[in-house]
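Let's take a friendly walk through a protein model. Have the sequence and the 3D view ready as you read.

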Amino acid sequence: MRAAVVTSFGTPPSCQDFPDPVAGAPEEVVAEVVAAGLHPRVRSQAAGSHYTSSADLPLVPGIDGVGRFPDGTLRYFVLPDTTLGAMAERTLVDVRRSVVLPAGTDPVVIAAAMNPAMSSWVALRRRVGFEAGQSVLVLGATGNAGRLAVEIAKHLGAGRVIAAGRRADRLAALSGADVTASLGEVGEVAADVDVVIDYLWGEPTADAMRAIVTGRRDKDRPLTWIEVGSIAGPTAALPSAALRAARLQIVGSGQGSVPTRDILAELPALAEVITAGALQIDARAVPLAEVETAWKELDSEQRLVITP
Ligand SMILES: NC(=O)c1ccc[n+]([C@@H]2O[C@H](COP(=O)([O-])OP(=O)(O)OC[C@H]3O[C@@H](n4cnc5c(N)ncnc54)[C@H](OP(=O)(O)O)[C@@H]3O)[C@@H](O)[C@H]2O)c1
C-alpha cells in the first residue's frame, strides 16, 4: 500500500510503498483510511519529539482519522502509540477506540476537528469540575484548538469567554468570544476568571499568570489553570507567589492525564456536535501523494487533512 513514511526524524515524510497491515488481536481490524489530520501532535510524532515518542523508524505518522471499517461503517478512530499511523491507505485499528459517525458526516471535517476540539472538550468535561456559568479565558485562542475552545466553552455553558492571543487580526476574526484581548491585556480583562485553558505555556503563560493573580479582586475565588498545549515553549518560569496569593490550581489535560476510556466516552457527543455544524471548522484536504509538500506548509490557518 501507499503511506506517508518518515525514515529519519527531522525530515518530512514522503509517500512511499509500505507493508500492508495484518490484523492480529481479536479486537483489531484493518480500516481503509479516508482522512487523517495533520495536527501539531502529528508533526511532533514525526519529528520524534513528542513526550510519547520512541526511536523506532520507519514511522507512518497520524494519531487519528476517519476510516471505512470491514463492517461497512464509517468511523472516527484514535490510534495508540504506534509506528503504523493513520497517514496510509490502510491502518490497524482497535475497534474499541473507534466510534461510528453520524449519517451525513464529512470525513475531512471530522478528521480536522476532533483532535483540536477534544483538547478543550475533554479538559472541561473530564479533567476539571467545570460548571455552567463560569468564566473561561482561552490563552492562545487563534489556533485551531484555541478557536474551537472559545466555541466549545460557550457550547458547554460558560458564562463569559475571553479569547486572548498574540495576533490582533486573527483575534478580530474569532467567533463566539465575549471579549478579545492581546496577551498583554489579560491582567485587566481576565483577572477574575474561573478557568484558564492554556495552549501557550512558556513566557506568555508566566506573564499571564502573574498579571491575573496580581489583578484578582476576590482572592478567595478558585482559579483553575488547565495546561493543554505548549506552543510558546515547553517550560515556564512560574512565579511561586502566584500559588500562594490566589486559590490557584494548575492541572494538565491530555494523553496520560485523562484516562483513555474517559476520552473515548466523549467522542460520540463531540462527533455529533461537529456533524451538526455547531462549530466553525476550517479544513483542507491534501492527497496522500502530496504529504511532503503539506508538511512544509507551516503557517496555514487551516487544518490540513491527508486523504489517501
Ligand atoms: N492536550 C491535548 O489534548 C491537546 C489536543 C490538541 C492540541 N493540543 C496542543 O494545543 C496546541 C495548539 O494546537 P492547535 O491544533 O491549535 O495548533 P495550530 O492550529 O497550529 O495553532 C497554534 C497557534 O498558536 C499560536 N502561537 C504560536 N506561537 C505562539 C506564541 N509564541 N505566542 C502566542 N501564540 C502562538 C499561533 O497563532 P498566531 O500565529 O495567530 O499567534 C498558531 O495559530 C499544540 O501545542 C497542540 O499540541 C493539545
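Predicted model: local features only at pLDDT ≥ 70, side-chain atom pairs only at ≥ 80, totals over all residues.

## Where the domains meet

How many residues of domain 1 are in contact with domain 2? Eleven residues of domain 1 are, and they contact nine residues of domain 2. Together the two domains bury an area of about 900 Å² between them, and carbon and sulfur atoms give 47% of that area. On the domain 1 side, the residues that lose the most area to domain 2 are L279, Q280 and E301, which together make up 54% of what that side buries.

## The second largest pocket

Now look for the second largest pocket, with a volume of about 210 Å³. Its lining includes Q280 and E301, along with T142, R147, E151, R170, A173, L174, S175, I281 and D282. Both domains take part in this lining, with at least three residues from each of domain 1 and domain 2. Sorted by class, the lining has five charged, three polar and three nonpolar residues.

## A buried glutamate

Finally, find E266 in helix α8, which spans residues 260–275. Is E266 buried or exposed? E266 counts as buried because its relative accessibility is 3%, and the cut-off for buried is under 20%. Leaving aside residues up to four places away in sequence, E266 touches W121, V122, R125 and R126.

Conventions:
Residues numbered from 1 in each chain as written. Heavy atoms only, no water. 1 Å grid on protein atoms, 1.4 Å probe; cavity = no way out; pocket = protein on both sides within 12 Å on 5 of 7 lines; lining within 4 Å. Points joined across faces, edges and corners; volume = space filled by probe spheres on them. Nonpolar A, V, L, I, M, F, W, Y, C, P; charged D, E, K, R; others polar. Domains from an automatic or database assignment. Helix = DSSP H or I, 4+ residues; strand = E, 2+ residues; numbered from the N terminus. Buried < 20%, exposed > 50% of the residue type's maximum accessible area, 1.4 Å probe, protein only. Contact = heavy atoms within 4.5 Å. Buried area = accessible area lost by both parts, 1.4 Å probe.
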